Amino acid sequence: MSPHVLVLGGTTEARELAAALTARPGTRVTTSLAGRVTRPGAVAGEVRVGGFGGAEGLAGWLREQRVDAVADATHPFAERITANAATAAAATGLPLVVLRRPGWRPGPGDRWHPVPSLEAAADLLPRLGQRVLLTTGRLGLAAFAHLDSLHFVVRSVEPPEPPVPPHTRVLLARGPFTTADETALLRDHRIDVLVTKDSGGAATSAKLAAARDLALPVVVVRRPPLPDGVAAVPDVPAALRLLDAALRP
């Protein structure tokens, strides 16, 4: 019987993994998208949109669809989805491969302030600057909504969900961005502090180089830890190798 792989997607790596798996004769691939982005990129193979109903619902879907392996290639901050995937895979006895692009690392000249959460970032901001470029996505802005003395430029792919800080300008844009563009953005809006999640990858890393060039402080929200007993691979080839080993007769 042809193997069936569920890819938990929403990232560039997930699309690349689905394409590589779909190109293999006899492999069925279903990519699950959360549905938070209205115009996701094209995905090879079958696509489903929406949640499963927690870990129990996911386990039921895996059994019903006769899935043979699960590949979690969600965003590094999709903590709940990863936890549900780990629980469901364990409950069904299926192999789980977690793909996470490597996180960013500070270099010479960087003025990074690592914090464990958006709330911790908000607590730190008033001591670092008054004009903030916030690039943490459209969710979670409530953590900054009480900061009525600061001015925010919020950049996200989709319009942010309220509540948002009272002095906020929204920029809708999708990467990749260049260092020159990011430098111009920081200068044009007179930004004096940047806030970002440690998403990793090259598509949105130019803002870090621009902040370094302008000697701006950067508040970096650290990634949540993986569930106990779960390890991640850094790229698509490594994920394919693990899937090959898991699906080998």
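This note comments, point by point, on the predicted model shown above.

1. Overall composition. The secondary structure of the protein chain amounts to seven helices and twelve strands. Its radius of gyration is 20 Å, close to the 18 Å that the globule rule gives for 249 residues, so the chain is as compact as a globular protein of that length. The C-alpha trace spans about 60 × 35 × 30 Å along its principal axes.

2. Of the 249 residues in the protein chain, 44% are buried. The accessible surface is about 12300 Å², and carbon and sulfur atoms hold 53% of it. Among contacts in the chain with a separation of 6 or more, 66% are between residues 24 or more positions apart.

3. Phe-52 and its partners. The model contains two aromatic pairs. Phe-52 and Trp-61 form an edge-to-face pair, with 5.4 Å from centre to centre and 70° between the planes. This arrangement counts as edge-to-face because the angle between the planes is over 60 degrees. Trp-61 has a relative accessible area of 15% and is therefore buried, the limit being under 20%. The ring of Phe-52 also has a charged neighbour: the charged end of Arg-48 sits over this ring, 3.8 Å from its centre.

4. Arg-155, a buried charged residue. Arg-155 belongs to strand E8, which covers residues 151-156. With a relative accessible area of 8%, Arg-155 is buried. The charged end of Arg-155 sits over the ring of Phe-177, 3.9 Å from the ring centre. The side chain of Arg-155 is also joined to that of Glu-182 by a polar contact of 2.7 Å.

5. Pro-176 is found in the loop between E9 and helix H5 (179-188).

6. Positive phi at two arginines. Arg-66 has phi near 55°, a positive value in a residue other than glycine. Arg-66 is placed in the loop between helix H2 (54-64) and strand E4 (69-72), and its relative accessibility of 61% makes it exposed. Arg-190 also has a positive phi, near 55°, and is not a glycine. Arg-190 occupies the loop between H5 and strand E10 (193-197). Its relative accessible area is 56%, so Arg-190 counts as exposed, the threshold being over 50%.

7. Leu-118 in helix H4. Is Leu-118 buried or exposed? At 13% relative accessibility, Leu-118 counts as buried. Leu-118 lies in helix H4, which comprises residues 118-124. Not counting residues up to four places away in sequence, Leu-118 touches Thr-136, Leu-139, Gly-140, Ala-143, Phe-144, Lys-197 and Val-221. Between the C-alpha atoms of Leu-118 and Arg-138 the distance is 12 Å, for a separation of 20 residues in sequence.

8. Leu-186 in helix H5. Leu-186 is located in helix H5. Which residues does Leu-186 touch, apart from those up to four places away in sequence? They are Leu-133, Ile-191, Ala-210, Ala-211, Leu-214 and Leu-216. Leu-186 is buried, with a relative accessible area of 3%. Its C-alpha is 9.5 Å from that of Leu-216, which is 30 residues apart from Leu-186 in sequence.

How values were computed
Residues are numbered from 1 along each chain as its sequence is written. This is a predicted model: local features need pLDDT of at least 70, side-chain atom pairs count only at pLDDT 80 or more; totals for chains, interfaces and linings use all residues. Side-chain values use heavy atoms; hydrogens and water are left out. Rings of Phe, Tyr and Trp (its six-membered ring) pair if their centres lie within 6.5 Å; planes under 30 degrees apart count as stacked, over 60 as edge-to-face and the rest as tilted. Buried means under 20% relative accessible area, exposed over 50%, partly exposed in between (1.4 Å probe, protein chains only). A charge sits over a ring if NZ of Lys or CZ of Arg is within 6 Å of the ring centre and within 35 degrees of the ring normal. Helices (H or I, at least four residues) and strands (E, at least two) are DSSP runs, numbered from the N terminus. The radius of gyration is taken over C-alpha atoms; the globule rule is 2.2 Å times the number of residues to the power 0.38. Contact means heavy atoms within 4.5 Å. Accessible areas come from the Shrake-Rupley method with a 1.4 Å probe; for residues, only the protein chains shown count as cover. A polar contact is a pair of N or O atoms within 3.5 Å; within protein, one must be able to donate a hydrogen and the other to accept it, and residues adjacent in sequence count only if both atoms are side-chain atoms.
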